[in-house]
Amino acid sequence: MNAIFSLILVLALVVVATLGAGAAKMQTIFAYCIPGTAFVIFLVGFTCKIIGWAKRPVPFRIPTTGGQQQSLDWIPQNKWDNPSTGPQTVMRMLLEVLAFRSLFRNTKVVLKHDDGKNPIVAYVSAKWLWLFAILFHYSFLIIAVRHMRLFLQPVPFVIQAVDFGDSILQILTPTIYITDVLLLTGVGFLLARRFFDAKVRYISLVNDYFPLFLILGIALSGVYMRYIAKVDVMGIKDVVMGLVTFNFKVPAGIDVSFYVHLFLVSSLLAYFPFSKLMHMGGVFLSPTRNMPNDTRIHHHENPWNNPAVKPHSYEAYEDDFRAPMHEAGLPLDKSPEEAA
Amino acid sequence: MSKMVKPDELLKTISYTPPAEGWMDLPVNTSPGNWAYPAKQDKVEYLMHEMPGIFANPRQWNPEDVDWKLPSNWKEIVVNGFRERLDKYRSLKLFMDICVRCGACADKCHFFIGSGDPKNMPVLRAELMRSIYRGEFTTAGKILGKLTGARVLEEDVLKEWFIYFYQCTECRRCSLYCPYGIDTAEVTMMARELLHLCGININWILEPVSNCNRTGNHLGIQPHAFKDIVEFMVDDIETITGKRVKCPLNEKGHEVLFITPSGDAFADPGIYTFMGYLMLFDAIGLDFTMSTYASEGGNFGLFTHADAMKSINGKMYAEANRLGCKWILGGECGHMWRVVNQYMDTMNGNMQGPQMKTPVNPITGTVFENAKQTKMVHIAEFTADLIKHGKLKFDKSRNANVVATFHDSCNTARGMGMFEEPRYVLKNVLDNFHEMPEGTIREQTFCCAGGSGLNTDEIMDIRMRGGLPRGNALKHVVDKHGVNTMACVCAIDRATLIPLADYWAPGVNITGLHELVANALVLDGEEERTMNLRQEPLPGFEEE
């Protein structure tokens, strides 16, 4: 249900773009107005969200410790899973952000019922999610970098190199990009586990299916443009450079699939700051990952610490129990006579 | 326990396939056995007086009834409290915003593994709150409702929170695997705080908090009774070793203040661990005192409210100052060390008196650099240092009949990272040690399913289900290596692992680390020992 609704939503976006830029000839709106607006929404929305998180206090240092703490000199510390200094924490974050360290830990629980004779709960390694997540995210990144050739004139060497590397297989004409295949594989896997893993299906919302279908739509429309419609890339670059340099020209002779692609990308950009896709920014701010485990070593200040919260005092305690304490021979600050 | 089904029967009831209805349509089951008893009215009233602003609505109520006698403006209270916490804790706001529901956490929770209840998947446990966040605080949620996973705050939602946020032990196993570090413990803490504001609470937590406030410990042991208990243990040590050890109470002018959970003073087998501490201190001639005012290492405030935690914790520094101690040595406890390691100095560091100094082991001269700010050292760190410097003499043969494994408590594992110290100590006091399977130990350790204030008998079915992963791992080493002892460094473990082991892996003793240390420890001037701290014959003395 949630999946079908999300799919319909994405198809509707495709129809809007096809009709709008194709039949209704609103190319200027679809080439300039919508992408420009979407980009502004993305930038402002993303920034506001990050600022909103960053300005909220972190009252306590609560890293989830994933290895041996800093302790006695002769006990080797697991510095990357349980950092106690800034640089170690940076290392932990790099591993988290660049290598998906935590997801790499993933296990799968297996429960075997063999007549109750020897019931076994086992935890088997489950790296598939990590692998496809890595493929998906890095492909997406490389594709985004590759697209920079449309935004820059002359095209910097780095981007040419990425483009060359990505198409190194030299199959088909135009040559196939490796990342196109990997991205589609990645999205396909992430969607498939939402369909077929009962637990994941159970927790999936429109918020989960919609971005996946949207990215699938973007990838497929891109693939269609390149390999089937074989769109006029120089024409597109003119449009894009026009957008970047605010030198708008009425686009002409570009296949409608370009407008569909661009509209879906615009939808993604505009949707991004209000969605779970903000995990991209949020992962950097997660208090269980980005803090050293060092509260026993350095003082950390809680900005809303309330000095009025005090312990029940010893004086009150002794007042409460003075007689039995005296009788038991426990030392007292005030003897019963003094207190009387 | 009488009503518990047999382990193999229980196992057959577990299925990880979720039901056909969506989780929002599943009715909440408030029948007995699904909840711990609500707090007694007088405890809530006392705490409202002692810790203002945290608790409310003292009354007699029964979770089985339809009417929970909530305040008329409960909805406003919860929404406002939620908003306030979203602004006070980046963690909460972030964890509400960035979950992608990848499901990596789904099968990491011991309560899910043992029950198959979908709302025990950490992701869904958090969605119980996240759905309200969307419905009350986001525009999309307000407009699109259920489609975006949003829902309206109704009384049934609070009931659901009560059932499921008291089926989370704040063990943080899920947060280890989450690609964004989303920590369900944070969510559970916030939910419990909001429930307290409406008077929804459990006695097993509030009574210890109220006891701790008044008597200095969770169990409500009054000072003179505490002294009796300690003397009783000193007597027992004399019976076993022929030597009378010291345990100063409330005495000024000692170097070290020793604080351990009161569970160690109260019940078998914690008392043997307590005796172990005293024997260790005797062996090295430590200049220490204990306190009846600060006679609790644990802190049930952690399971209640940030301010309650702070208030209870403050006694440690207050007492160190009053008695003129230079630093604090802490006993074996799980959540105590989460508080000491991640909260204590931030909350109460400014209470430290000028006499408090970076802890130095007076016997070895080792400076505990990792405790230089908090000035509190874990006894496993302390003992490991003593052993490394050869300051302790052991007769391992006294532990020859012990085949041990070690249970990492969730809090010292994922809220501290203390793995090698207790293992080093253990391996120095006995010869037969076997780890439980990888994936169930160290940072991946499983909870005893009774942490965070859930070690109460009326929810034994929930506890035994949650204990399945730990119990099964234990059973594995029992069958494979003949393990007969599970050591741990947590007072709650010492209470909860006993029924857990009896149920899932019968025949395994639960011991504290320092019980085993003291069994092997050779004291100056002691008599030949024929029995261990439990007064059972030592190997070689069985016939007498």
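The questions and answers below concern chains A and B of a predicted model.

Q: What makes chain A more spread out than a compact globule?
A: Chain A, which has 14 helices and two strands, has a radius of gyration of 29 Å, whereas the globule rule gives 20 Å for 340 residues; the value is well over that mark, so chain A is more spread out than a compact globule. Along the principal axes, the C-alpha atoms of chain A fill a box of roughly 105 × 60 × 45 Å.

Q: What share of the contacts in chain A between residues at least 6 apart in sequence join residues at least 24 apart?
A: Of these contacts, for which the C-beta atoms must lie within 7 Å, 64% join residues at least 24 apart.

Q: Why are β2 and β4 of chain B called edge strands?
A: In chain B, four strands form an open sheet with parallel pairing, in the order β2-β1-β3-β4. The strands β2 (288–290) and β4 (376–378) of chain B each pair on one side only, and they are the edge strands. From one strand to the next, the twist averages 30°.

Q: How do you know that β1 and β2 of chain B pair?
A: Two strands pair if at least two bridges are found between them, and strand β1 (residues 256–259) of chain B is joined to β2(B) over three bridges, in the parallel sense. B:V256 has B:F288 as its bridge partner in β2(B).

Note on methods: Residues numbered from 1 in each chain as written. Chains lettered and ligands numbered in written order. Predicted model: local features only at pLDDT ≥ 70, side-chain atom pairs only at ≥ 80, totals over all residues. Axes fitted to C-alpha atoms, helices over the stretch in contact; angles between N-to-C directions. Rg over C-alpha atoms; globule rule 2.2 N^0.38 Å. Contact = placed C-beta atoms within 7 Å.
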